[in-house]
Structure formats: structure tokens, C-alpha cells
Amino acid sequence: MKKEEQISGECCWCKQPLSATIYGIGSSYSETIPSSETFHEIPLPKSGRSIYGAILNKRSQAFTEGFHLMFATCSEICTQQLNKALTLERSRFQKRTPMNVDT
Ligand SMILES: [Zn+2]
């Protein structure tokens with residue numbers, strides 16, 4: 001399996017496979033994202049781990065509203081833990097919104 005397929009199918013927080021309902025957080029990101037990437041790996045030193053965010057389409061409504069990345073999670077619990085981790089590093093993730101998707 002390609003690395004990106006693997007990343008797109010798993011919870012960015014606990015790495016378990018995603019189910020039909022994907023929970024997530026859309027977030028702004030203050031640092032540069034390489035335009036060649038579809039997923040961007042972001043170290044979270046205060047939480048001692050790194051996570052992958054899906055880079056949102058630059059022409060999408062969410063992107064124009066200032067949300068650059070979506071972090072997909074498997075559950076409300078992971079979303080809460082992720083949100084706490086992002087809050088610890090809020091200078092890089094100032095703007096956040098829930099983004100739940102039914103697939
Ligand atoms: Zn999870």
C-alpha cells in the first residue's frame with residue numbers, strides 16, 4: 001500500500017483505521033505547506049508525537065475561509081485529545097472548526 005493511502009485511511013491521532021463516519025478538525029496552519037503534498041506531517045513536540053493533516057483544496061470554501069488542513073480522527077474521543085494537543089500549540093493552529101464527514 002502506498003504511504004498516502006495508508007495515511008488517508010487511519011486516524012491521525014491513534015492510527016486506528018477510520019470507519020464510515022470520519023470525525024475531524026479543520027485548522028489553519030501558520031507554517032508553509034509544500035504544494036507537492038496531499039498530506040503534511042506536523043510534529044507536535046508538546047504531545048511527543050507527530051500527526052498527518054490532509055491539505056484542503058485551495059479552491060474549496062473551507063480553504064478560502066482560512067482552514068488549510070483537515071485532521072481526520074476515528075472518534076469523538078480522539079477529536080477531543082487532538083484538539084487539546086492543538087490547543088497546546090495554538091500559535092500554529094489558531095483557527096479551528098469541527099469537520100465531520102459521513103463516507
Ligand atoms: Zn483515533
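Which residues of α3 are buried? They are Cys78, Thr79, Leu82 and Leu86. Buried means that 20 or more other C-beta atoms lie within 10 Å of a residue's own; exposed means 12 or fewer, and partly exposed lies in between, with C-beta atoms placed from the backbone.

## Basis

This is a predicted model, in which local features need pLDDT of at least 70 and side-chain atom pairs count only at pLDDT 80 or more, while totals for chains, interfaces and linings use all residues. Residues are numbered from 1 along each chain as its sequence is written.

## Overall fold

The protein has 3 helices and 6 strands. These are DSSP runs, numbered from the N terminus: helices are H or I of at least four residues, strands E of at least two. Their order along the sequence is α-β-β-β-α-β-α-β-β. The radius of gyration is 13 Å, close to the 13 Å from the globule rule for 103 residues, so the protein is as compact as a globular protein of that length. That radius is taken over C-alpha atoms, and the rule is 2.2 Å times the number of residues to the power 0.38.

The C-alpha trace spans about 30 × 30 × 25 Å along its principal axes. Of the 103 residues, 27% are buried. Two residues are in contact if their C-beta atoms, placed from the backbone, lie within 7 Å. Among contacts between residues at least 6 apart in sequence, 66% join residues at least 24 apart.

## Helix α3

Helix α3 covers residues 76-88. Its 13 residues should span 18 Å at 1.5 Å a residue, and its end C-alpha atoms are 18 Å apart, which agrees. The expected span is 1.5 Å times one less than the number of residues. The buried residues of α3 fall within an arc of 100° seen down the axis, so they line one face. The arc is that of the directions from the helix axis to the C-beta atoms.

Cover for these buried residues includes β1 (21-27), β4 (69-73) and β5 (96-98). The face turned away from the buried side carries the exposed residues Glu76, Ile77, Lys84 and Thr87.

The largest nonpolar core has 21 residues, and Cys12 and Phe71 have the most contacts inside it. Such a core is a set of buried Ala, Val, Leu, Ile, Met, Phe, Trp, Tyr and Cys residues joined through C-beta atoms within 7 Å. β4 gives the most to this core, with 4 residues. Beyond four places in sequence, Phe71 touches residues including Cys12, Ile25, Ile51 and Leu82.

Phe93 lies in the loop between α3 and β5. Phe93 is buried, because 23 other C-beta atoms lie within 10 Å.
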